[in-house]
Amino acid sequence: MTKRTKKAWTKWRKLISEQARSGLDVTTFCRERGLWRPYFFVWEERLRESAAAKFLEVQVTEPAPSEPGDSHIEVRLQNGRSLMVGLGFDAEHVRALLAVVESAE
């Protein structure tokens, strides 16, 4: 995900959250902020789809010996590939990586 794309997702996540808390209808909210109403609905749908619950099988294994403070998660995909992430990982970045890895043959 590019920096520009990440910025757009963050912006729209914030705007949609603000509208929900504002008590204003979408038309009024968009008019007051100079937003194009159809964009609001497109982004609202994108965010809803990205937040949809997706359940995966999780298997807990015995942790390998590691250095103190060294903690990571290994995600094993059905295609046999795996992805390891450390503490403080960016969830959006991991989602983008998983989409690429899962689509690669």
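Leaving aside neighbours within four places in sequence, Val26 makes contact with Gln19, Arg37, Phe40 and Phe41. The structure described here is a predicted model, and Val26 belongs to its helix H2. Val26 counts as buried because its relative accessibility is 14%, which falls under the limit of 20%. The C-alpha atom of Val26 is separated by 10.0 Å from that of Pro38, a residue 12 places away along the chain.

Gln19, one of the contacts of Val26, is found in helix H1. With a relative accessibility of 11%, Gln19 also counts as buried, because the value is under the cut-off of 20%. A polar atom of the Gln19 side chain lies 2.7 Å from the backbone oxygen of Leu24. When neighbours within four places in sequence are left aside, the residues in contact with Gln19 are Leu24, Asp25, Val26, Phe29 and Phe40.

Within helix H2, the buried residues include Val26, Thr28, Phe29 and Cys30. At the start of H2, a side-chain oxygen of Asp25 comes to within 3.1 Å of the backbone nitrogen of Thr27, and after the helix comes Gly34, which has a positive phi, near 70°. Confidence in the chain is highest in H2, where the mean pLDDT is 96, and lowest in helix H4 (residues 91-103), where the mean is 71. For the chain as a whole, the average pLDDT is 79, and 71% of the residues score at least 70.

In soluble globular proteins, nonpolar side chains tend to be buried together. The largest nonpolar core of this model consists of 11 residues, namely Trp9, Trp12, Leu15, Ile16, Val26, Phe29, Cys30, Leu35, Phe40, Trp43 and Leu47. Helix H1 (3-22), helix H2 (26-33) and helix H3 (37-51) are the elements that give two or more residues to this core, and the largest share, 4 residues, comes from H1. Trp12, itself a member of the core, touches Leu35, Tyr39, Phe40, Trp43 and Leu47 when residues up to four places away in sequence are not counted. A second, separate core has 5 residues, among them Leu77, Leu83, Val85 and Leu98.

Two of the residues named in the second core, Leu83 and Val85, form the covered face of strand S2 (residues 82-86), whereas Ser82, Met84 and Gly86 form the uncovered one. In a regular strand the side chains alternate between the two faces of the sheet. Strand S1 (residues 72-76) and S2 run antiparallel and are joined by 5 bridges, and in one of these pairings Val75 has Leu83 of S2 as its bridge partner.

Taken over its whole length, the chain contains 4 helices and 2 strands, and from the N terminus on these elements follow the order α-α-α-β-β-α. Of the 105 residues, 18% count as buried, while the chain exposes about 8800 Å², of which carbon and sulfur atoms supply 56%. Among the contacts between residues at least 6 apart in sequence, 33% join residues at least 24 apart.

Key
Residues numbered from 1 in each chain as written. Predicted model: local features only at pLDDT ≥ 70, side-chain atom pairs only at ≥ 80, totals over all residues. Heavy atoms only, no water. Core = buried A, V, L, I, M, F, W, Y, C linked by side-chain atoms within 4.5 Å. Buried < 20%, exposed > 50% of the residue type's maximum accessible area, 1.4 Å probe, protein only. Contact = heavy atoms within 4.5 Å. Areas by Shrake-Rupley, 256 points an atom, 1.4 Å probe, with all protein chains shown as cover. pLDDT = per-residue confidence, 0-100. Polar contact = N/O pair within 3.5 Å; in protein donor to acceptor, adjacent residues only side chain to side chain. Pairing = 2+ DSSP bridges.
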